[in-house]
Amino acid sequence: MNTQLHSDRAPRRGFVWPAWGWSLVGVLVVWGIIVSVRPGAPFDPLTQALSLAPFLVLVALGQMLVITLGPGNIDVSVGTIISMSSYVSVLVASSAGPLAGVLAGVAAGLAAGLVSTAAILYLRVPPIIATLATSLIVTSATLLLAGSARGSAPQELRELVNAKILGIPLIAVFVLVVTVVIWFVLRRTRFGHSVIAVGQSAKAAERAGLPVTLVTASAYILCAGFAGLVGALLAAFISPSTVLGTSYMLDSIAVVVIGGTLISGGRPVPIGAWTGALFFVLLSGLLNLVGWSVGAQNVLKGVLVVLVVIVASLATGTGRSNLSRFKASVSPAPAAVAPDSPDSVSQQKENTNG
């Protein structure tokens, strides 16, 4: 009988809407519109999206680690790193082979990440300014490399990047494995717990003995390394270009936020990188299909991003909590009352009577 009463009083937890749920809804809606506009093979849009989305997912996973560190943490250098590493990869691969080319692209990204990290941690430069300065340096290096670069990625690497398994791009399978690894690291390792803890409160994490400096440095370096890998792979998928990574900077940030990762930090959502990236790629395909201009596409994307973020924040309650914190920050603090003042005496009497 006691057991029955205890079970009846136990709280029942219902279905919890996932943080990436709204971006998944967006994927399904856009996919349905594409199929209705262009009848035919219904899975062709998804197959094409799976060929493009993995590159954006990789960049978004790195950006997610940085954004999870908390307010103000963002890497605006990923786009220029992608462009630079594409040239580095091709130059090295032409003489040392495709694997060496890919590793060289990753190394170039890691080097750029070290520059940003040094500026943030040791020079105390705000992250957005530090990564912007790194972006300017990387852009100069890219222009120098573009002037001397000749040729393209090795044929073996091109075939590998464009390979498919049962109709699914091999690059998508590879990025899915990377996503699972990132999820495991964030949820099951001390480093992942430290990243989340720093994002929730860097001061509290430091008082708890967590290596905040090391965690911050690792996140920025990994983010730049992922961008370098994407540049090396895009060099084989498309070709090196000085503007190859231009769209990836803003898109990666939007994908992270749309996918459910809190822009205020402390809650990473790796699977949201996939739903957000697929949403963006399918949306671009739909707008190109109906003949929208690039400017109109960017306006619509911006509006949809804002709407998705607002709906998701209201559904999860983060919007209300952020609004409360904003009201608390702008409201005037109560004036201090002197101990011997009449107001203080009357307040003490009221407290005593109460």
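Colleague: Which helix gives the largest share of the lining of the largest pocket?

Modeller: Bearing in mind that this is a predicted model, the largest share of that lining comes from helix 12, which supplies 9 residues. Helix 12 spans 246-258, and helix 3, helix 11, helix 13 and helix 14 (294-316) likewise each supply at least two residues of the lining.

Colleague: What's the volume of the largest pocket, and which lining residues are closest to its centre?

Modeller: Its volume is about 980 Å³. Of the 35 residues that line the pocket, D251, F280, V281, S284 and K301 are the closest to its centre.

Colleague: Switching to the core, which residues have the most contacts inside the largest nonpolar one?

Modeller: Those are F55, L58 and I82, in a core of 85 residues, and the largest share of this core, 16 residues, comes from helix 11.

Colleague: And what does I82 touch?

Modeller: Leaving aside residues up to four places away in sequence, I82 touches V59, A227, V230, G231, L234, L244, G245 and Y248.

Colleague: Now helix 8, which residues there are buried?

Modeller: The buried residues of helix 8 are I171, A172, V175, V178, T179, I182 and L186. Viewed down the helix axis they fall within an arc of 120°, so they line one face of helix 8.

Colleague: What do they pack against?

Modeller: They pack against helix 3 (44-67), helix 7 (155-161), strand 2 (168-169), helix 9 (190-200), helix 11 (212-237) and helix 13 (270-289).

How values were computed:
Residues numbered from 1 in each chain as written. Predicted model: local features only at pLDDT ≥ 70, side-chain atom pairs only at ≥ 80, totals over all residues. Heavy atoms only, no water. Buried < 20%, exposed > 50% of the residue type's maximum accessible area, 1.4 Å probe, protein only. Helix = DSSP H or I, 4+ residues; strand = E, 2+ residues; numbered from the N terminus. Arc of directions from axis to C-beta. Contact = heavy atoms within 4.5 Å. Core = buried A, V, L, I, M, F, W, Y, C linked by side-chain atoms within 4.5 Å. 1 Å grid on protein atoms, 1.4 Å probe; cavity = no way out; pocket = protein on both sides within 12 Å on 5 of 7 lines; lining within 4 Å. Points joined across faces, edges and corners; volume = space filled by probe spheres on them.
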